[in-house]
Amino acid sequence: MKTEKSSPHTAHDPTWKQKFPNLDIHRRQTNDDNSDKMLEIKEKSEIIVPFQKIGDAQWSEKTEYIITEFADNWNNKPKVPISQEAIEALEKKLQTELPIPLKLFYAKFGIAKIGEQLQGLNEMGWVGDIWKDAPQYGPDFSKEDKEVLPFLVSFSDYLGNGNMFCFHSKTHEIYYFDHDTKPYISKLFSNASDYLKGCLISCQSDLFHPETGQEKVEAWCEEILNELFGEAVIRKWKY
C-alpha cells in the first residue's frame with residue numbers, strides 16, 4: 001500500500017473515555033504520572049468507523065477524535081475551521097456547489113490531515129483547466145475520460161504524487177485521477193462521505209500498539225475498507 005510509516009506517539013488529553021465510554025482502546029501509560037496517553041490500536045475491533053455518512057449522530061465527535069490522535073502522532077496541530085463565507089466565495093469562483101459532506105467537514109475541521117493531502121481552497125479547481133494553456137503537456141485522455149473531465153473539480157492531492165481526487169459537479173460522486181494508468185479517471189466513491197470515511201479509517205494504521213505492529217493494523221484497516229467499498233476500489237486507490 002502507498003502509505004507512510006508512523007512517527008513516535010505523543011501525549012494527548014484523555015477525553016476519549018468521556019466521549020466514547022464503550023470503546024475498549026489501549027493507551028500507553030507513562031511512568032511519571034500514570035496518565036492516559038495516545039490511542040494505540042491492539043485489536044481490529046478498536047479501529048473506529050467514524051460514520052456511515054457525514055451528518056450522522058456523533059460523526060463530528062468520532063472524526064475529531066481520530067483527527068486529533070493522528071495530528072498528535074505526527075506532532076501536528078489541528079487545522080482552523082473554514083468559514084461559511086470562504087466556502088461560498090469558492091463556490092462563486094468555481095460557479096458550482098461543493099458536496100454537502102465536504103462543506104460540513106471543512107466547516108468543522110478545515111483542511112485537516114487525514115493521511116492524504118486535502119487541497120486548500122485556493123488550490124481547488126476544474127481538472128480540465130490544469131493543462132488548458134499547454135495541452136501538449138497534458139495526459140492523452142481516453143474517450144471515457146473526456147466524458148467526465150468537464151465536470152470534475154479537484155479537492156485532494158492524494159499523497160502529493162500527481163494523482164488527485166475530484167468531485168463531479170453534477171452528481172457529487174468522487175472520481176480518482178491516476179496519471180499512471182489509462183483510462184486516467186475512475187469513479188471510486190458514491191459521495192464525499194465515503195472518501196473521507198475511508199481516509200479516516202486508513203490513517204488509523206499509524207496509531208498501532210507496539211505489541212501489534214503497524215503491518216498488522218494496516219492489514220486490518222484494509223480489511224475494513226474492502227468490506228465497505230469492495231476490493232477493486234481499494235486496489236485502485238491504494239496500490
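## Model and confidence

The model is predicted; local features need pLDDT of at least 70, side-chain atom pairs count only at pLDDT 80 or more, and totals for chains, interfaces and linings use all residues. Residues are numbered from 1 along each chain as its sequence is written, and side-chain values use heavy atoms, with hydrogens and water left out.

pLDDT is the predictor's confidence in each residue, from 0 to 100. The chain average is 88, and 85% of the residues score at least 70. Residues 3–17 stay under 50. The model gives that stretch 43 contacts (heavy atoms within 4.5 Å) beyond four places in sequence. Residues 24–35 are also below 50, with 33 contacts beyond near neighbours in sequence.

## Nonpolar cores

A nonpolar core is a set of buried Ala, Val, Leu, Ile, Met, Phe, Trp, Tyr and Cys residues joined through side-chain atoms within 4.5 Å. Buried means under 20% relative accessible area, exposed over 50%, partly exposed in between (1.4 Å probe, protein chains only).

The largest core has 54 residues. Phe 105, Tyr 106, Phe 155, Phe 165 and Tyr 195 touch the most other members. Leaving aside neighbours within four places in sequence, Phe 155 contacts residues including Leu 102, Tyr 106, Met 124, Phe 165 and Tyr 195. A second, separate core holds 12 residues, among them Leu 152, Met 164, Cys 166 and Tyr 184.

## Cysteines

A disulfide is a pair of cysteine sulfur atoms within 2.5 Å. The count is zero. Cys 166 counts as buried because its relative accessibility is 1%. Cys 203 is in no disulfide; its nearest cysteine sulfur, that of Cys 199, is 7.9 Å away. Cys 203 also counts as buried, at 5% relative accessibility.

A cavity is a set of points, on a 1 Å grid over the protein atoms alone, where a 1.4 Å probe fits but cannot get out; lining residues have an atom within 4 Å of a point. A search of the whole structure finds one cavity of 30 Å³ or more.

The largest cavity holds about 40 Å³ of space, a volume being the space filled by probe spheres set on the points. Its lining is Ile 67, Ala 71, Asn 76, Lys 77, Pro 78, Lys 79 and Lys 113.

Definitions and conventions:
On a 1 Å grid over the protein atoms alone, a cavity is a set of points where a 1.4 Å probe fits but cannot get out, and a pocket is an open set with protein on both sides within 12 Å along at least five of seven lines; lining residues have an atom within 4 Å of a point.
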